[in-house]
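I opened this notebook to record what I looked up in the structure, entry by entry. The entries begin with how the chains are related and then turn to individual parts.

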2 protein chains.
Amino acid sequence: MSPDERKQQLVALGVAALADRPLEAVTVEDLAAEAGVSPGLVHYHFGSRQGLHSEIVRTARDAMLHATEPRADLPPRERLRDTLDRFVVFVSAHDATFYSLVRGAASGDERVRATIQHARDVLAGHLRDVFHEIGVAPTPLLEAGLHAWISFAEQALVEAATDPRVPPGELAAFLERSALGVVTALHPGTPPGAGTDV
Amino acid sequence: MSPDERKQQLVALGVAALADRPLEAVTVEDLAAEAGVSPGLVHYHFGSRQGLHSEIVRTARDAMLHATEPRADLPPRERLRDTLDRFVVFVSAHDATFYSLVRGAASGDERVRATIQHARDVLAGHLRDVFHEIGVAPTPLLEAGLHAWISFAEQALVEAATDPRVPPGELAAFLERSALGVVTALHPGTPPGAGTDV
């Protein structure tokens, strides 16, 4: 195994560990034992436990962003729904990873917080693109509403994506309508979905 | 000053300290120096720094819940709007306290987390009452939507309540419409605000 492959293996083990325990409980020693290497080698690759955590969160975040990358070939409203369908699938398949990311937003570790904030910015950017394309004017309150909706979606996904009583399609449709509902809440005169077939 | 008055004074100083620094940076020693008493006396009243933090957060939370207590004499939709108007006023007047409460939701201290979770439960309960009174059927997704909307409102208030470009009434109206929008997102056939004049 090359040094790069070894590092990737260790990060992958760290991401997998999030299924059992929170990030703070993932230690250099545990990971070394799981990989059958010395703690010194883990330290060599990541510098410290903080460095290890930072890489684990970055890799988990990139997996989430990759799974929810919008399809540029779709028109805005279909693109939103398609992205949300895949988001629900991602969270139901990787619920512990997603919870770790959501919790990481309030981590005591600044690098972890910045990594998660980047994900929120990317997700807010996708929705900002949709709003722009359907003709919603950018205002300070729209910007606050975009970020607020990201928090809304995080909470709804944490609570409902693995709830067997909630069909995945129903959750995705609820998230879609609530995102478009932000526009209606800003511009009460506009019926929901108006202008979305441009 | 009686022991109870002294304790209240120390907690009040602790809540006031949140305007300058995060909860984690509020120490027994600083507070003792501000109150002109010995650190031993602060320890006597709160047991530990954790005990002190727990009391500070509980007092700040109770101030927020008191300021946003719904007026039972109002019909549901007017009650929602009135509560939200007062919520915006509270956050714009006590923004640092509110940020501390929002951040406390992810505190490493279990007592602090439980204190904030209680506030979220109370606020979700107020909205649940409104939804119940206007005839919205309780479902698992409505419950997830209630909690998601609390996260939405927290983020919107953190970002917009002190933004001079956003008039307070506009923010409260946005929050009101977004709360009712949760119902529309759950039951797309229902026009926003339907049934609210019961």
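**Entry 1. Relation of the copies.** I worked from a predicted model. The same surface serves both copies, since 100% of the contact residues of chain A recur in chain B.

**Entry 2. Confidence.** I noted the predictor's scores before going further. The complex has an ipTM of 0.90 and a pTM of 0.91. For chain A the average pLDDT is 92, and 95% of the residues score at least 70.

**Entry 3. The contact between the chains.** I looked up how many residues of chain A are in contact with chain B. There are 32, and they meet 32 residues of chain B. I found that helix H8 (140-160) and helix H9 (168-186) of chain A each supply at least two residues of this side. The largest share, 14 residues, comes from H8(A). By class, the side of chain A that touches chain B divides into 17 nonpolar, 8 polar and 7 charged residues.

**Entry 4. The nonpolar core.** I next looked up the largest nonpolar core, which has 110 residues. Those with the most contacts inside this core are Trp149(A), Leu157(A), Leu171(A), Trp149(B), Leu157(B) and Leu171(B). I followed one of them, Trp149(B), to its partners, leaving aside residues up to four places away in sequence. Trp149(B) touches Leu127(B), Ser178(B), Ala179(B) and Val182(B), and it also touches Phe152(A) of the other chain.

**Entry 5. The fold of chain A.** I counted 9 helices and 0 strands in chain A. Read along the sequence, the pattern is α-α-α-α-α-α-α-α-α. The C-alpha atoms fill a box of roughly 65 × 35 × 30 Å, taken along the principal axes. Of the 198 residues in chain A, 39% are buried. I also checked the contacts with a separation of 6 or more: residues 24 or more positions apart account for 65% of them.

**Entry 6. The domains of chain A.** The domain assignment gives domain 1 (3-55) and domain 2 (57-186). Their centres, taken over C-alpha atoms, are separated by 28 Å. The contact between them takes 10 residues from domain 1 and 13 residues from domain 2. I asked which elements give two or more residues to the side of domain 1 that touches domain 2. They are helix H1 (3-17) and helix H4 (49-67) of chain A. The largest share of that side, 4 residues, comes from H4(A). By class, that side has 6 nonpolar, 3 polar and 1 charged residues.

**Entry 7. Leu31(A).** I located Leu31(A) in helix H2 (residues 28-35) of chain A. Is Leu31(A) buried or exposed? Leu31(A) is buried, because 22 other C-beta atoms lie within 10 Å and the cut-off for a buried residue is 20 or more. Not counting residues up to four places away in sequence, Leu31(A) touches Leu10(A), Leu13(A), Gly14(A), Val26(A) and Val42(A). I also noted the separation from Phe98(A): 67 residues in sequence and 20 Å in space, C-alpha to C-alpha.

**Entry 8. Arg77(A).** I found Arg77(A) in helix H5 (residues 76-93) of chain A. Arg77(A) counts as partly exposed because it has 19 C-beta neighbours inside 10 Å. From Arg77(A) to Leu127(A) I recorded 50 residues in sequence and 9.9 Å in space, C-alpha to C-alpha.

**Entry 9. Helix H6 of chain B.** I looked up which residues are buried in helix H6 (residues 95-104) of chain B. They are Thr97(B), Phe98(B), Ser100(B), Leu101(B), Val102(B) and Gly104(B). The buried residues of H6(B) pack against helix H1 (3-17), helix H4 (49-67), helix H5 (76-93), helix H7 (110-133) and helix H8 (140-160) of chain B.

Conventions: Residues numbered from 1 in each chain as written. Chains lettered and ligands numbered in written order. Predicted model: local features only at pLDDT ≥ 70, side-chain atom pairs only at ≥ 80, totals over all residues. Domains from an automatic or database assignment. Contact = placed C-beta atoms within 7 Å. Nonpolar A, V, L, I, M, F, W, Y, C, P; charged D, E, K, R; others polar. Buried ≥ 20, exposed ≤ 12 C-beta atoms within 10 Å, placed from the backbone. Core = buried A, V, L, I, M, F, W, Y, C linked by C-beta atoms within 7 Å. pLDDT = per-residue confidence, 0-100.
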